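Hello,

Here is the structure I promised to pass on to you. Have a look at it first, and then read on for the notes I made while going through it.

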There are 2 protein chains.
Amino acid sequence: MLKDIKIGCASSKTKYGTRFDTSIVKLEKEAIWSGLFTSNKFKSAPVEICLEKMNKNIAEPKILMVNAGNANAATGKKGKKDSEKLIEDVSFLLNVSKDNILPFSTGVVGELLDTKKLSQTFKKCTDQLGKNSWEDFANAIMTTDTRHKIVKKVFKLGNQKINVIGVAKGVGMIEPNMATTLSFIFTDLKLSKIQLKKLHRDICDQTFNAISIDGDQSPSDSSIFATTSEIKSDFKKYHKKIKNSFFEVFKELAEKMVLDGEGATKLIKIKVSGLSSYAASKKVALKVANSPLVKTAAYGEDPNWGRIITAAGNADVKEFDMKNLSLKIGVHPVLVRGNLSPKYSEAQGKKEFRKKTINIEINLGKSKHTALIMTSDLSPEYISINSDYRS
Amino acid sequence: MLKDIKIGCASSKTKYGTRFDTSIVKLEKEAIWSGLFTSNKFKSAPVEICLEKMNKNIAEPKILMVNAGNANAATGKKGKKDSEKLIEDVSFLLNVSKDNILPFSTGVVGELLDTKKLSQTFKKCTDQLGKNSWEDFANAIMTTDTRHKIVKKVFKLGNQKINVIGVAKGVGMIEPNMATTLSFIFTDLKLSKIQLKKLHRDICDQTFNAISIDGDQSPSDSSIFATTSEIKSDFKKYHKKIKNSFFEVFKELAEKMVLDGEGATKLIKIKVSGLSSYAASKKVALKVANSPLVKTAAYGEDPNWGRIITAAGNADVKEFDMKNLSLKIGVHPVLVRGNLSPKYSEAQGKKEFRKKTINIEINLGKSKHTALIMTSDLSPEYISINSDYRS
């Protein structure tokens, strides 16, 4: 699959013993890419550099370089110079324009990179190019993930087979300071730059941007969607199938991220519908997903629906009207347009909250705009992991 | 103190054994009041009724009636009728216009009131009027608060003694579904309605609205500031002293609330300055205060400042610029205008995080607008309390 993409991994032998923690991915010159980055105003040096380069790349081979263990964030001017220095080294070694090299760093915040060591390790990656597997790459970008995250998919457009491979790292927070997510999704279906960007933005909005563990974006969150442009097809004719197929890959990666959040014992799916826009519905769903009271109730298997609607009511959405609010836990109506459902019993809610996946549905009106947000519960293990990690 | 205010308390003998859980406070006809209520779009029935009545009251005696144990929230049309029925009973018993009676309920969400029992209990309160103390009242409004919250203050304006008494209930969340705060502050200094309202709004904004435990407002949050209008003074001449004196009472009550948050082991003070408005600075401070990663780090005494600036960077404030960000932990500069301070050491941060009160200071520019937010840490006890409460 996607044999035109070459992977090289190596170990810096620092934080993670001899495990791979450094990688280079090389795409041929026909490749094009789209990048989406954190909305946090505090951005890591690599993210700042990516944002500058994203639209500059020319028809030459393209390089992604990733190191795990140090996010190079909150490192000021020196941090940016360090990343630029490493790009320069790789540019020289692989004879690729600096504008075609994107850097990614994930790990601890506020420490300068060990550029000498990383320079040597990236050198090893270039020597290894083509010798490492997708699984090696998925392992090499992990920080505190408990398992690597990789999704492979083949789908057909007419007689042609289209390949997609997605690799991501998620939401572990023991060693890095926050929930950095990195994702790299590759396909061989030829797409225009505009098609690629639009697909990337639309799909991310409903997958990576529709999961929430701690409620906020890290300084390093990055997603790259790239095509090697090998296989031509009729985009208009197959548009729906193309979008759905890519969507599946992004969604599976997103679910893997949530379920690997530390201390997670539950997957909570919050569906909000009925408001006049997707954005408004999403705002309400995110408020519920980020409520520590809802998350602790989920952990305790307590169908404490008062907390759900309290969180919802705090969303900054003007059209929100309690009199229109209906709430379901699983299939059971709890509130029907603002009034208690006489059919609901605590035992029904309890049964739903005992499940591994808890489904919560809120309706606030007649519109069909529906937002789905996934999150995890908040467990004592979350606290012990996040309070102890440097001691 | 404030002898013109009569208090009557009783026990419904339901949730809290024989402890007082129901109260009536009676103010004479010269009294005026100001009310501020939750910004949550989901409001309890009593809050909805208060909002309707706030500007209606006439020159007659005025009544506050409070029950603890059931918030009468998410109870729809029936809930509102129930509260109105109880008001009617008290109106009849005390011969006071219904428009002059404000109801307050705090406790569990989504259960209908036992109006029969409550009606009898409020009757007992009316029989008791004048026989109970401020301490009785402070006890009777508690839900899961571990101690009552009361602040008494006397200050002088020229030769006159001004009395202030503030009573509040806070942030316990075991039994009610959320962090309902109720506060009742009384003085004998005559103020115009406009003066009273403005003082109330300004002071609340920097006290009760500047503390954050779970990040959101409950459907029941209410604050009443009332004067018996007994003592006349020169408001203009003493304006600053008047404001500061009331501010102290509100602030002390707010601090008592934070320190009584369940599982709280630390008081975290977050000061943000330098942005072009108080509101912008407050937004950034609230993002830091509500970050579960910052709160768990505080619990673990880990000076994990990467989490602090990550949370700050997620605030929806356009003028936020990482290059202007300076961060101090205690007195120690960590970042100076976006760059690592060479003087900072992990040991300095650790020392500050070991203290009972952790001070965090963020500066983002040259303006003098400063917001101070107080919050508590996030401990395993918080989770166990909030996940177990109904089992």
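A:Thr75 sits in the loop that links strand 4 (62–70) to helix 2 (76–94) of chain A. Please keep in mind throughout that this is a predicted model. Is A:Thr75 buried or exposed? With a relative accessibility of 4%, A:Thr75 falls under the 20% limit and therefore counts as buried. Its side chain has a polar contact of 2.7 Å with the side chain of A:Asn72. Leaving aside residues up to four places away in sequence, A:Thr75 touches A:Gly110, A:Glu111 and A:Leu112, and also B:Asn339 and B:Leu340 from chain B.

That brings me to the interface between the chains. On each side, 55 residues take part: 55 of chain B are in contact with 55 of chain A. The size of an interface is often given as the accessible area lost when the parts come together. Here the area buried between chain B and chain A is about 4500 Å², and carbon and sulfur atoms give 55% of that. How many salt bridges does the rule find across the interface of chain B and chain A? The number is zero. Polar contacts between chain B and chain A do turn up, in eleven residue pairs, with both residues at pLDDT 80 or more.

On the side of chain B that touches chain A, at least two residues each come from helix 2 (76–94), helix 8 (292–299), helix 9 (305–313), strand 14 (339–340) and helix 11 (380–388) of chain B. Which of the elements of chain B gives the most to this side? That is helix 9 of chain B, with seven residues. Sorted by type, the residues on this side of chain B are 26 nonpolar, 19 polar and ten charged.

Next, a helix in chain A that is worth a look in the viewer. Helix 10 of chain A spans residues 346–353, and A:Gly349, A:Glu352 and A:Phe353 are buried in it. What do the buried residues of helix 10 of chain A pack against? Their partners in chain A are helix 8 (292–299), helix 9 (305–313), strand 12 (326–329), strand 13 (332–336) and strand 15 (357–363).

A:Glu352 is buried at 9% relative accessible area, whereas A:Lys355 is partly exposed at 39%. Elsewhere, salt bridges that share partners join A:Asp145, A:Arg147, A:Lys149 and A:Asp260 into one network.

Over all chains, a search of the whole structure finds 32 salt bridges. Another of them is formed by the side chains of A:Glu48 and A:Lys80, at 4.0 Å from N to O. A:Glu48 belongs to helix 1 (residues 45–53) of chain A and A:Lys80 to helix 2 of chain A, so this pair ties together parts that lie 32 residues apart in sequence. A:Glu48 is partly exposed, at 26% relative accessible area.

A few loop residues complete my notes. A:Thr143 lies between helix 4 (134–140) and strand 6 (149–157) of chain A; A:Thr143 is buried, at 6% relative accessible area. A polar contact of 3.2 Å joins its side chain to that of A:Lys169.

Two other loop residues have a positive phi without being glycine. For A:Glu301 the phi is near 55°. A:Glu301 lies in the loop between helix 8 and helix 9 of chain A and is partly exposed, at 24% relative accessible area. For B:Lys13 the phi is about 50°. B:Lys13 is found in the loop between strand 1 (6–10) and strand 2 (22–27) of chain B, and at 54% relative accessibility B:Lys13 counts as exposed.

Enjoy exploring, and write back whenever you like.

Best wishes

Notes:
Residues numbered from 1 in each chain as written. Chains lettered and ligands numbered in written order. Predicted model: local features only at pLDDT ≥ 70, side-chain atom pairs only at ≥ 80, totals over all residues. Heavy atoms only, no water. Buried < 20%, exposed > 50% of the residue type's maximum accessible area, 1.4 Å probe, protein only. Helix = DSSP H or I, 4+ residues; strand = E, 2+ residues; numbered from the N terminus. Contact = heavy atoms within 4.5 Å. Buried area = accessible area lost by both parts, 1.4 Å probe. Polar contact = N/O pair within 3.5 Å; in protein donor to acceptor, adjacent residues only side chain to side chain. Nonpolar A, V, L, I, M, F, W, Y, C, P; charged D, E, K, R; others polar.
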